[in-house]
Amino acid sequence: MQSEGARTGRLGLLLDQFDRAREMAQVRLTGLGDEEYLWEPVPDCWSIRRRGEATTPRAFGPGEWVLDLGAPDIPANEYAEVVRQAAGGMTVAKIAADWSVSVERVEQILAHTGAPEPDETRVTTIAWRLGHLHYGFAGGWEWTFGERRRDPKLLVDFTPSAAVTLDRFWALLDRWRDSVATVTEEQLDTVGFSQYPYGSDPDDPYVDVLSGANLELIHHMAEIAVLRDLWRTRFTPAG
């Protein structure tokens, strides 16, 4: 039986999924403090750092605090996305350009010979996960509903304050959702309706972009939830 008020249609289903994910995330992040936000559960985590203290070669941000980013490569947990891009018709050259790696590297992954080095997949802090989501959604909005000119990596002023970060992030998600709710059926099927420069958006129908954005929110919030559980039990002896 269909519940009262349930949406139908592609956009409605995607909005429902987004709303539920956002509601669960907001509940799960209640009470996040600065120490937990920046906690590094293992050495050499990726996080946010003062510009002069950044150790990763491509750390970015417009202000005093920057988001860690390593040397150009494709993390092992993104190999499936590379395969999906190729299956969807993207050329190896375009995939390589999107990930800022060589054509040979993409060909290795597609041939299943690109086994990751031990340090290729980094553990990240909650601050990093929220920063990654924040600039992604900010850039997605700018390159779909905005002026389509500003670099997504310069849109978010990263901060060591958990409270400030969350206030800004929820406001951004509200703006994103309000804009997405205006999208028409024709626009859902329009290839390149989003021109977000760091990914396959220009080559995809917008309905695929929205589905991917929802999954991005869901899986990174799940990772944040695990980090919160680890923080809560960090001094509890293993049973």
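Me: How are α1 and α7 oriented to each other, roughly parallel or roughly antiparallel?
Reply: This is a predicted model, where local features need pLDDT of at least 70, side-chain atom pairs count only at pLDDT 80 or more, and totals for chains, interfaces and linings use all residues. Residues are numbered from 1 along each chain as its sequence is written, and side-chain values use heavy atoms, with hydrogens and water left out. Helix α1 (residues 9-28) and helix α7 (residues 162-180) pack at about 170 degrees, axes 11 Å apart. Angles over 145 degrees count that way, so the pair is roughly antiparallel.

Me: Which residues of α7 make the contact with α1?
Reply: Contact here means heavy atoms within 4.5 Å. From α1 come Leu 11, Leu 15, Phe 18, Asp 19, Arg 22, Ala 25 and Gln 26. On α7, they're Trp 170, Leu 173, Asp 174, Trp 176, Arg 177 and Val 180.

Me: Within what arc do the buried residues of α3 fall?
Reply: Helix α3 (residues 79-87) has Tyr 79, Val 82 and Gln 85 as its buried residues (buried is under 20% relative accessible area, exposed over 50%). Seen down the axis, they line one face of the helix, because they fall within an arc of 115 degrees.

Me: Which side chain makes a polar contact of 3.0 Å with that of Ser 194?
Reply: Ser 194 sits in the loop between α8 (185-188) and α9 (206-232), and is buried at 1% relative accessible area. A polar contact is an N or O pair within 3.5 Å, one able to donate a hydrogen and the other to accept it. The Ser 194 side chain has one with Thr 144 at 3.2 Å. The 3.0 Å partner is Asp 201.

How values were computed. Axes are lines fitted to C-alpha atoms, for helices over the stretch in contact, and angles run from 0 to 180 degrees between N-to-C directions. Helices (H or I, at least four residues) and strands (E, at least two) are DSSP runs, numbered from the N terminus. Angles under 35 degrees count as roughly parallel, over 145 as roughly antiparallel, 65 to 115 as roughly perpendicular and the rest as oblique. Buried means under 20% relative accessible area, exposed over 50%, partly exposed in between (1.4 Å probe, protein chains only). The arc is that of the directions from the helix axis to the C-beta atoms.
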